[in-house]
Amino acid sequence: MGLKSSFQFAFLSLGLYVSGAVAAFGYTTSVNNYVVDAGSANPLIFSVSRSSCDINSIKYRGTELQYSSQGTHIGSGLGSATVSISQLSGSFRYIKVTCVTPTLTHYMVVREGDSTIFMATYITQQPSIGELRFIARLLPARLPNEHPYGVASNTNGASSTVEGSDVFVVNGQTRSKFYSSSRFIDEQTHCVFGGSDLMHVCILTPQQESSSGGPFFCDIQTNNAGASTNLYNYMNSGHVQTEPYRMGLHGPYLMQFSRSGIPRVRDVDVSWFGELGITGYVPDSARGTVSGTASGVASGQEGVVHWFNSAAQYWARTDSNGRFTSPRMKPGQYTMVLYQTEFKIATTSVNVNTGGNTNMNIAGNFNTPRNTLFKIGEYDGQPTGFRNANKILRMHPSDSRMSSWGPLTYTVGSSPLYDFPMAIFQSVNNPVTIRFNLPNAPGAGTLRIATTLSFAGSRPQARVNNWTGPAPSAPPKIDSRGVTRGAYRGNGEVYTVNIPAGVLVAGSNTITLTSISGSSGATFLGPNVILDCVELFQ
């Protein structure tokens, strides 16, 4: 390095150090980067490439947190973008970085005195540079730990690979970045943290209105991958994708730096975002709400109301009396769905008007009285209580901590619910057997098999005593691995088998549920179907 270059480097390093020390709000411009200082009490200074939009340095309290070999960015990096910066004044003073490509505009904003990077991403088509995600690539020496699920997604030090390039064995346990996921409706804050000067770097998403998947969708949140500790905000991905991607503005979302613990989404106020000239931003004054009462949800289950159209999605939980109020929604016509926990029981439509509230009740009629001969599980859209359901979100089905998958036999009236498998794997535990007694021959009956997710076309075919039910047609294909990556929710197919009179008998009866598919595959990557509830009734 020449003397002049050495002097320039030393001067720039000194400048960054002094800037961090005095927390001077503003930005500077170098040949390659914009350097932004948030002017916060705990100094946050970060550098953005003027050619690619990558964040290539993040210093918090004088400590470098950015992984040097790859940037922090959208997708796998925009590659090239038109990058500009401006300082604005409104309710606060702001610095706004704007990165523009032909189909995407990404914004990074700092508010004076706040150690937070506020972001929003506007798209007109799904990016070609990978999934629509924000990923911060940080230093594991500084931030080795993950919240809220701990080591389940820490793949550092993997000794072997279980499948693909994303499920590994570490210290005898299966680990994957996919095991860090939370349902959208439950998502609060996810973080990476560590250091003797304890720091948390957290993603907060006040809403996911332009993402796809609905309230129960889950995706990657954190991953200590060894070389870098990665922190994500997934907006559109093909991971168990059940509906088309949404375009428009994704956000605002935040990457917050904290020394005072884990921040809370409910404390976030981004109403000032309307002062920034963000493309696609819709202020609260241009939105409307829906309120009403939901009925027909089974006792003991949670009521969830979901609104969606091609542009946006929203949801709300009901209170103990079934009352609900939506978040502030973009105007338009929406499909409105009522779930008991995650099981769909009613659908209608509703119009949302600018500046107003629409009153709309919704009622489910699924839980009508019937003569139930037996029921295994509950219609909740989840494999609740079934074998290994309590583990599948955080480990691979082959993990040694899993209980035996079987094949299992469940005896109605004597077997614990845990003796019924959460999934039928065609080459592992096929079929599942149900044994039950009837006091008399009931005549014709109906067998209902509710499922949550099918992989490789798997669906259950029933055999009742010596009678074989029809083979169901294949469900719509979801082109993604599911249960092996901690996912249990897909399209939620429900299969109804009409059992003719004379098949069910007084005394001992047997039903087998067999996974059938035109596809094949080894062990847990073979065709499989996840079960929700099995009911025999008249």
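Modeller: A nonpolar core is a set of buried Ala, Val, Leu, Ile, Met, Phe, Trp, Tyr and Cys residues joined through side-chain atoms within 4.5 Å. Buried means under 20% relative accessible area, exposed over 50%, partly exposed in between (1.4 Å probe, protein chains only). The model is predicted: local features need pLDDT of at least 70, side-chain atom pairs count only at pLDDT 80 or more, and totals for chains, interfaces and linings use all residues. Residues are numbered from 1 along each chain as its sequence is written, and side-chain values use heavy atoms, leaving out hydrogens and water.

Colleague: How many residues are in the largest nonpolar core?

Modeller: It has 41. Phe420, Met422, Ile434, Leu447 and Leu513 have the most contacts inside it.

Colleague: Which element gives the most to this core?

Modeller: Strand β38, with five residues. Strands (E, at least two residues) are DSSP runs, numbered from the N terminus. Others giving two or more residues include β33 (445-455) and β37 (507-516).

Colleague: What is methionine 422 in contact with?

Modeller: Contact means heavy atoms within 4.5 Å. Leaving aside neighbours within four places in sequence, its partners include Phe386, Trp405, Val483 and Leu531.

Colleague: New topic. What order do the strands have in the open sheet of three?

Modeller: β13-β14-β15, with antiparallel pairing. The edge strands, β13 (160-163) and β15 (173-176), each pair on one side only. Two strands pair if DSSP finds at least two bridges between them.

Colleague: How many bridges join β13 and β14?

Modeller: Three. Serine 160 stands opposite valine 169 in β14.

Notes: Helices (H or I, at least four residues) and strands (E, at least two) are DSSP runs, numbered from the N terminus.
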